[in-house]
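Below is a report on the strands, sheets, domains and chain contacts of one model. The sequence and structure come before the text.

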Amino acid sequence: MKTFKIGGIHPPERKLTESSAIEVMPVPAELVISMNQHLGKPAKPLVKMGEQVKKGQLIGEADGFISANVHASTSGKVKGVKPHPHPGGQYAMAVFITPDGKDEWAEGLDTEPADWRSFSQEEIIAKVKDAGIVGMGGAGFPTNVKLSPPPDKSIDTIILNGAECEPFLTADHRLMVESPAKVVAGLEIISSLFKGEAKAWIGIESNKQDAIDALKKHASPKGIEVVSLKTKYPQGAEKQLINAITGRTIGQGELPFDKGCLVQNIGTAVAVYEAVCLNRPLIERVVTVSGMEISSRKNVLARIGTSFKDIAGFCGDISEKTNQVICGGPMMGKALFTLDAPVVKTTSGLLFINNSAVEKSRERTCIRCGKCVDVCPQSLEPWLLANTAQLRKFDEILDLGLMNCTECGSCTFVCPSKRELVHWIKYAKVLVNNRQKRKSA
Amino acid sequence: MESVKLKVSYAPFVRSSDSIESVMYNVALALAPATVMSVYLFGMYALVLNVVAILSCIGFEWLMDKARKKPASCLDGSALVTGLLLALNVPANLPLWMIVVGSFIAIAATKHVFGGLGYNIFNPALVARVFLLISFPAAMTSWPVPAPFSLGLNVDMQTAASPLGILKTDGLEALGSFTLMDGFYGTMNGSLGETSAIALLAGAAWLLYKRYITLTIPLTLIGSVFLFTGIFFLIDPGTYASPLFHMVTGGLIIGAFFMATDMVTSPISMRGQLIFGLGCGLLTAIIRLWGGYPEGVSFAILIMNGFVPLLDRWDQNDQKAKYQKKSEKA
Amino acid sequence: MIISEAFIPAVTSLGAVALALGVIIHYVSKKFHVEEDPTVMLVNEILPGVNCGACGYPSCGQFAEVLVETRDSSMSCPVGGSDLAAKLGKTLGITMAEPKPQIAVVLCQGNNDNARQTAEYLGIQDCWAATQAFAGPKHCRYSCLGLGSCIAFCDFDAMRLENGLIVIDKDLCTGCEACISACPTGVLVMQEKKAERYVIACNSHDKGGPTKKACDAGCIACQKCVKVCEDDAIVIDNFLAQIIQEKCTSCGKCIEVCPAKVNCIRLEHDLEEVKQKNAS
């Protein structure tokens, strides 16, 4: 079975929700739609307090090349535009909408299914851009930008990322099982942008056999190859997935298209299909609600802007023992400081956990066991990076490959001394960037 | 739900169950067969030695933490392992005060002066053993003859030289009735824990299974001793002992699996570990064949411990070369 | 007899070694002699020698070189103050401009009593590390995060953490600005030292409601101080009052009208004479 060559770990999978069908969550009493749901500049809010909006109406306009549109996820009245906690941990401008209960689509949206073959490449990319589609795996890179690589780069490999290697998360898994046709259609649309010259793959970890079977049935007749991958974290990271499927290595400072590759998330492929064929902007996504401390664990189809408090209410009781609520997966997610934060386009999961490690965590000294070096998928020396960061040797740390770290967290996971290796590396990255900014200023 | 108090930390939020404690206690567990074997072979006094060594190591660890105003680390298991290893590396009739002195050297003078666990350059138990060997050569080289099931606290056991000692002073013929099986089971003269190869190998298998050690260092170390002594055995079987004799005698097995693999004092990368194991093996063989001491494992490992920072620096420079070149190109 | 046997070889051999080394040292010092401007050395000796960078040069040595070369009287060492400026002027024979001593000011009173907490932070205890995990352990995102990243940047030991808030020791702070860029939320600013200085110790640009919810000492932009000020020295910028120090006459009226639970206007005495006078 294929997998990436260097490093990797196998954390407990805990896919508790892998067989629960996606449930549609009703529109809550209030929606908070963040203007910062993607990489790059936040969108510019287009609406004011008191305005009526329709479902799918553009309420935030992409500000610049790397930015994305934001749409109202139901019809209703704008209650205000003000900063609000973002699931990423910071504050971001957000549009508050009080739904009117009619859930009316704006004009020209949600049309009868059209054949994507009738659209030109430019039309497809324009539709993806208008629909505000971003990478739904976590980084939130605007998809239209990713789909238009520089003309001198030729793409020969398109990979759909169904690895979902994070523990707990099953959002992509359920999408693959329940709507394989949409996934495949989305992939076909993406492939058509590269004149059909590129070979399309779907990479799925072997712990999702039902998804592999479902997709094989739909994909094989279209010449798309479904690859079963050995379950290993971080297989879902772009660089590792490319390495696992094609054997190519993305080096320092290189992007996937430098090696002829393009990777898209399962959710993104479905969003692309819906945007191109059904004229639906990205206003809802599947969120895995899981963790040991919530009574009923579900895969929920929630509107963008639904607050985590409402989602928790929809899924049942939270036990008293909860001490952390994680947005995203437990390896690369963020711990929330408030449940007021809303679902954004990149929210793949919401986990209610009792992290006993965080209570008694005390960083101990490195005992030089070398486990972090063994598991690092980027062949770095995490212990050395962390030590150098602690000593604030920011000139030296760049030479140790600081910027090559993908922050997958494997090193921190295995460290017997419970050192916050990734956090130190992230700290160094921030301070190095600050210094460079100050120098250039 | 309102009563839930959220705590924020940085990803990842799941951690492996490994900890310093689990590593150390598993090493201690892996040493258990050898410890039991030592009590079986040398009597209850061996148990007393073990207990005194462990308690004094933990005591000195506690004192040093207090003196250095550091959080208490005396129960993290590292002092336990040091004490156990030290006791297993001394003869079964060593006076108790000597083992306490050894514990002090191991914990205070080898570990804490460099900054405590993780910062020591040399293996604490080995430094203590070598310190005792040089300071009290008579007490450290009068090996009691094993007397299985002698449960008394009998310190005045019959003593004799170890097989390696006999080989060094009296030559190959003097070894007489010694068979390889004696070394394998442990019914030979030697330190408490080093005599029984089978008990040590059982412990090592546990550590390998739990993946706390890898085979790189033990295999290269034992392999290079085997090769080196084998070459000389082939040249002159009349003077040199067979490589198999060198495998089972002295502290080779305990050294290769438990001392050289100490995480703190061994290199991190595979390449470093290969060179480290090779160096340990060659030095051991050289000392055993031509050195002034009959046994060379402790010295060999300590000498190679000194090279570890250099070996690590080599990897770091490689890393730097790799990324500097890349960033210049970019 | 014994003495001479023991001593003569020792003394002669050591003496020979000493002689040889002395000759080598002498030769090397002549051969590799570096001509140094005596004025630069004099200036360098006057300077504090802490290389803090407050003057805009990376080290005291470089400051001295540039000063001697250009004889620019507007150059100043903020750390040394007017005494040092006078000494420098004397050495160089010019009149140095009077330096304006500065002091670092914490625009926040959100200590553990005044500011509400959001969640307990258990990651690396450093402000920059904390901002990577979330907006900060305090409800107010403009506040001093209370993890003390700036302390390590202070060469003069003038900063300490007290009840979750950075406190600056006025006697030790030299105004070198090293801490300013070390703060992720920007609550540290430099102000000119004054006998009586009024500061609005708040950094929150939130509207009144959220500010009040987050902190007892927050400026809610109520305009009261603006109205009472007779010198037009207080302005409100983006929901935060600010005192323009040049216009402020230290009348103290504003401090009486502030409605916040913990007065967000603070009176600071920067100069030691004033402090001593008040003490006696």
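## Strands, domains and contacts

V81(A) has V95(A) as its bridge partner in β8(A). The model is predicted: local features need pLDDT of at least 70, side-chain atom pairs count only at pLDDT 80 or more, and totals for chains, interfaces and linings use all residues. Residues are numbered from 1 along each chain as its sequence is written, while chains are lettered from A and ligands numbered from 1 in the order in which they are written.

Strands here are DSSP runs of E with at least two residues, helices are runs of H or I with at least four, and both are numbered from the N terminus. Two strands pair if DSSP finds at least two bridges between them.

### Strand pairs of chain A

β7 (residues 76-85) of chain A and β8(A) run antiparallel and are joined by 9 bridges. The hairpin of β7(A) and β8(A) has 5 residues between the strands, and in it G89(A) takes a positive phi near 105°. Strand β8 (residues 91-99) of chain A also pairs with β2 (residues 31-34) of chain A, in the antiparallel sense over 4 bridges. There V95(A) in β8(A) stands opposite I33(A).

An open sheet of 3 strands in chain A has antiparallel pairing and the order β3-β5-β6. Its edge strands, β3 (44-45) and β6 (70-71) of chain A, each pair on one side only. Between β5 (residues 58-61) of chain A and β6(A) there are 2 bridges, in the antiparallel sense. L58(A) has H71(A) as its bridge partner in β6(A).

### The mixed sheet and its helices

Another open sheet of chain A has 6 strands in the order β1-β14-β13-β17-β15-β16, with mixed pairing. β1 (22-24) and β16 (334-335) of chain A are at the edges with a single partner strand each, so one side of each is left without a neighbour in the sheet. Within this sheet, β15 (residues 324-327) and β17 (residues 349-353) of chain A pair in the antiparallel sense over 4 bridges. The bridge partner of I326(A) in β17(A) is L351(A).

Helix α3 (residues 171-178) of chain A packs on the sheet and touches β1, β13 (284-290), β14 (298-303) and β17 of chain A. The direction of α3 makes about 120° with that of β13(A). Helix α8 (residues 308-315) of chain A lies across β13, β14 and β17 of chain A and runs at about 140° to β14(A). For these angles, axes are lines fitted to C-alpha atoms, for helices over the stretch in contact, and angles run from 0 to 180 degrees between N-to-C directions.

### Domains and chain contacts

Two residues are in contact if their C-beta atoms, placed from the backbone, lie within 7 Å.

In chain A, the contact between the domains takes 6 residues from domain 1 and 7 residues from domain 2. In chain C, 6 residues of domain 1 are in contact with 7 residues of domain 2. The side of domain 1 of chain C that touches domain 2 of chain C has 5 nonpolar, 1 polar and no charged residues. In this division, Ala, Val, Leu, Ile, Met, Phe, Trp, Tyr, Cys and Pro count as nonpolar, Asp, Glu, Lys and Arg as charged, and the others, Gly among them, as polar.

Between chains, 48 residues of chain A are in contact with 35 residues of chain B. Two or more residues on that side of chain A come from each of β15, β16, α9 (356-360), α13 (410-414) and α14 (421-440) of chain A. By class, the side of chain A that touches chain B has 25 nonpolar, 15 polar and 8 charged residues. Chain C gives 14 residues to its contact with 16 residues of chain A, and these 14 residues of chain C divide into 8 nonpolar, 4 polar and 2 charged.

### Chain C as a whole

Chain C has 9 helices and 9 strands. Its radius of gyration, taken over C-alpha atoms, is 27 Å, well over the 19 Å that the globule rule (2.2 Å times the number of residues to the power 0.38) gives for 280 residues, so chain C is more spread out than a compact globule. The C-alpha trace of chain C spans about 95 × 50 × 40 Å along its principal axes.
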